[in-house]
Structure formats: structure tokens, C-alpha cells
Amino acid sequence: MQRLYSLVVAKAGQDDRLRRLHILYADGERIARNTELDHVLAALETDLHRYVAETSPDMTFLHAGVVGWQGRAIFAAGRSLSGKTTLVRELLRRGATYYSDEFAVVDDFGNIHPFPRPLGIREDSTFAQTKYAAATWVQPLASKPLASGSGRDL
């Protein structure tokens with residue numbers, strides 16, 4: 001499957017009374033429109049991640065944060081704004097290995113694959129996120145899949 005993105009970037013004008021909008025389309029459908037380019041680019045990133053997750057033929061993407069601890073995976077599943085990233089960040093501070101704060105990527109054998117990206121921390125009551133490199137809290141980052149265990153202890 002393919003997806004076509006189009007980004008229309010508004011030109012700065014001399015008339016400040018006009019509202020200049022940046023617009024993002026995916027397969028001809030408008031998915032973002034805003035005067036701030038950063039907001040439109042954030043929508044692009046979100047849609048790209050969602051599209052990859054929904055169309056991956058080889059991996060299952062679960063909406064969860066994941067860290068490795070003593071050779072096992074710890075999942076923090078939940079809806080947006082439920083605290084997944086906050087829990088992942090705290091586990092990283094305590095020595096866990098970073099896999100993802102957005103998706104647990106699982107192959108057909110149950111192995112967990114890294115999906116590293118900057119952690120999107122909400123620092124106030126808004127939905128706006130500040131992006132932090134995972135390396136801020138942990139070194140090294142996961143670079144290979146975490147083998148699945150027997151599941152007896154889970």
C-alpha cells in the first residue's frame with residue numbers, strides 16, 4: 001500500500017490581516033490546517049506513524065510504551081494522556097532500556113522491536129508536547145529485538 005502526502009506551505013505576505021494557513025493532505029484528504037507549520041508537521045508525523053502501524057505486513061503495533069528490564073519487556077499500555085510516556089521516562093531514569101513510548105512493535109515470534117523516537121512529554125495541561133531525546137534519560141538505546149519469554153511470570 002502507498003500513501004501520498006501533499007504539504008502546502010503558506011508564503012509570508014505583506015498583509016498581516018490575512019490568515020495564512022499551512023495545509024497537509026493524505027491521499028487527497030485534508031488532515032491538518034494551521035497557521036503554525038510545526039503543528040502541521042506534528043500531524044504529519046502522527047499520521048505517518050499510524051499509517052505504518054496499520055499497514056505493516058510483518059509486525060503488530062500495540063499502542064503502548066515499552067522498555068526492557070533484565071532481559072524482559074515491560075509494557076505500559078493505555079489511551080493517550082493516560083501516563084504511558086511518564087512511566088517510560090521514569091523507568092528509563094531507573095536504568096531500563098528504551099524501546100518506545102508510542103508503539104510496542106511485535107513480530108510473529110513475540111519478539112519486541114525498538115520503535116525509538118523522541119519522547120513526547122506534556123509539561124502542562126495542554127495537549128502540546130515537548131520532544132526529548134530518549135538519550136536524555138538512558139544510554140544505550142535498544143538496537144535489537146528483545147526475545148520473547150515464556151510468559152509464565154506475566
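The model described here is predicted. Its mean pLDDT is 84, and 82% of the residues reach 70 or more. Over residues 150–154, however, the pLDDT is below 50, and this stretch has 3 contacts in the model beyond near neighbours in sequence.

Strands of a sheet pair through backbone hydrogen bonds, either parallel or antiparallel. Here E1 and strand E2 (residues 22–26) run antiparallel and are joined by 4 bridges. Within E2, Ile 23 stands opposite Val 8.

The loop between E2 and E3 contains Asp 27. This residue has a positive phi of about 50 degrees although it is not a glycine. Asp 27 is partly exposed, with a relative accessible area of 45%. It also belongs to a network of salt bridges that links Arg 3, Asp 27 and Asp 47. A positive phi is found again at Gln 70, which is likewise a residue other than glycine and has a value near 50 degrees. Gln 70 lies in the loop between E4 and strand E5 (72–77). With a relative accessibility of 70%, Gln 70 counts as exposed.

The largest nonpolar core has 8 residues, namely Ala 64, Val 66, Tyr 99, Ala 104, Val 106, Ile 112, Ala 142 and Leu 146. Strand E4 (60–69) and E7 are the elements that give two or more residues to this core. Leaving aside residues up to four places away in sequence, Val 106 touches Asp 58, Met 59, Thr 60, Leu 62, Asn 111 and Ile 112. A second, separate core has 7 residues, among them Val 88, Leu 92, Leu 119 and Ile 121.

Charged side chains supply a further set of links, and the count of salt bridges comes to 6. One of them connects Arg 117 and Asp 101, at 3.1 Å from N to O. This pair links distant parts of the chain, 16 residues apart: Arg 117 is in the loop between strand E8 (112–113) and strand E9 (119–121), while Asp 101 is in the loop between strand E6 (97–100) and strand E7 (103–106). Both Arg 117 and Asp 101 are buried. For Arg 117 the relative accessibility is 13%, and this residue counts as buried because the cut-off is under 20%.

Arg 117 also forms a salt bridge with Glu 102, the closest N and O atoms being 3.3 Å apart. Glu 102 lies in the loop between E6 and E7 and Arg 117 in the loop between E8 and E9, so this pair ties together parts that are 15 residues apart in sequence.

A further salt bridge joins Glu 90 to Arg 94, with the closest N and O atoms 3.0 Å apart. In this pair, Glu 90 is partly exposed, with a relative accessible area of 28%, whereas Arg 94 is exposed, with a relative accessible area of 60%.

How values were computed
Residues numbered from 1 in each chain as written. Predicted model: local features only at pLDDT ≥ 70, side-chain atom pairs only at ≥ 80, totals over all residues. Heavy atoms only, no water. Pairing = 2+ DSSP bridges. Salt bridge = Lys/Arg side-chain N within 4 Å of Asp/Glu carboxyl O. Buried < 20%, exposed > 50% of the residue type's maximum accessible area, 1.4 Å probe, protein only. pLDDT = per-residue confidence, 0-100. Contact = heavy atoms within 4.5 Å. Core = buried A, V, L, I, M, F, W, Y, C linked by side-chain atoms within 4.5 Å.
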